[in-house]
Amino acid sequence: MEKTLELIFTKSDGAKKTLSIADPREGVTLAEAQSAAAKIIEAGVLISSGEALTAFVEARIKTVTVTVLA
């Protein structure tokens, strides 16, 4: 099973942007995700299609089961 932490942001044009982080540690909390997202927005280091990330929308854990066909 593969897990990804997804942080969803609103961009300055109103569109949404998802930042995916592979293999998050077990037990990541909403408060931790919000804190990380706030630091990302404050630092201004991520731009998507020329638009800055302006607000945190949600955090979620995406779990995918991969089955290799033999």
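Helices (H or I, at least four residues) and strands (E, at least two) are DSSP runs here, numbered from the N terminus. What you're looking at is a predicted model, where local features need pLDDT of at least 70, side-chain atom pairs count only at pLDDT 80 or more, and totals for chains, interfaces and linings use all residues. Residues are numbered from 1 along each chain as its sequence is written, and side-chain values use heavy atoms, with hydrogens and water left out.

Let's start with the sheet. Four strands make an open sheet in the order S2-S1-S4-S3, with antiparallel pairing; two strands count as paired if DSSP finds at least two bridges between them. S2 and S3 sit at the edges with a single partner strand each, so one side of each has no neighbour in the sheet. As background, strands of a sheet pair through backbone hydrogen bonds, either parallel or antiparallel.

Now for the individual pairings. S1 and S4 run antiparallel to each other over 10 bridges.

Ser-49, in the loop between S3 and S4, has a positive phi of about 50 degrees although it is not a glycine. Ser-49 is exposed, at a relative accessible area of 69%; the scale is buried under 20% relative accessible area, exposed over 50% and partly exposed in between, using a 1.4 Å probe and protein chains only. Ser-48, in strand S3 (residues 47-48), counts as buried at 8% relative accessibility. Leaving out residues up to four places away in sequence, Ser-48 touches Lys-11 and Lys-17, where contact means heavy atoms within 4.5 Å.

You'll find Asp-23 in the loop between S2 and H1, with a positive phi of about 50 degrees although it is not a glycine. At 66% relative accessibility, Asp-23 counts as exposed.

Next comes the helix. H1 covers residues 30-43, and at 1.5 Å a residue its 14 residues should span 20 Å; the end C-alpha atoms are 20 Å apart, which agrees. That expected span is 1.5 Å times one less than the number of residues. Just after H1, Gly-44 adopts a positive phi of about 65 degrees.

Which residues of H1 are buried? They are Ala-33, Ala-37 and Ile-40. These residues cover an arc of only 60 degrees around the axis, which puts them on the same side of H1; the arc is that of the directions from the helix axis to the C-beta atoms. On the other side of H1, Ala-31, Lys-39, Glu-42 and Ala-43 are exposed. The cover over the buried residues of H1 includes strand S1 (2-11), strand S2 (16-22) and strand S4 (51-64).

Not counting residues up to four places away in sequence, Ala-37 touches Phe-9 and Phe-56. Ala-37 and Ala-22 are 15 residues apart in sequence and 16 Å apart in space, C-alpha to C-alpha.

The largest nonpolar core has seven residues: Leu-5, Leu-7, Phe-9, Ala-33, Ala-37, Ile-40 and Leu-53. S1 and H1 are the elements that give two or more residues to this core. A nonpolar core here is a set of buried Ala, Val, Leu, Ile, Met, Phe, Trp, Tyr and Cys residues joined through side-chain atoms within 4.5 Å. Setting aside neighbours within four places in sequence, Leu-53 has contacts that include Phe-9, Ile-40, Ile-41 and Leu-46.

Finally, there's Glu-6, which is in strand S1. Glu-6 is buried, with a relative accessible area of 9%. The Glu-6 side chain makes a polar contact with the side chain of Arg-60 at 2.6 Å. A polar contact is a pair of N or O atoms within 3.5 Å; within protein, one must be able to donate a hydrogen and the other to accept it, and residues adjacent in sequence count only if both atoms are side-chain atoms. Beyond four places in sequence, Glu-6 also touches residues including Thr-18, Leu-19, Ser-20 and Lys-62.
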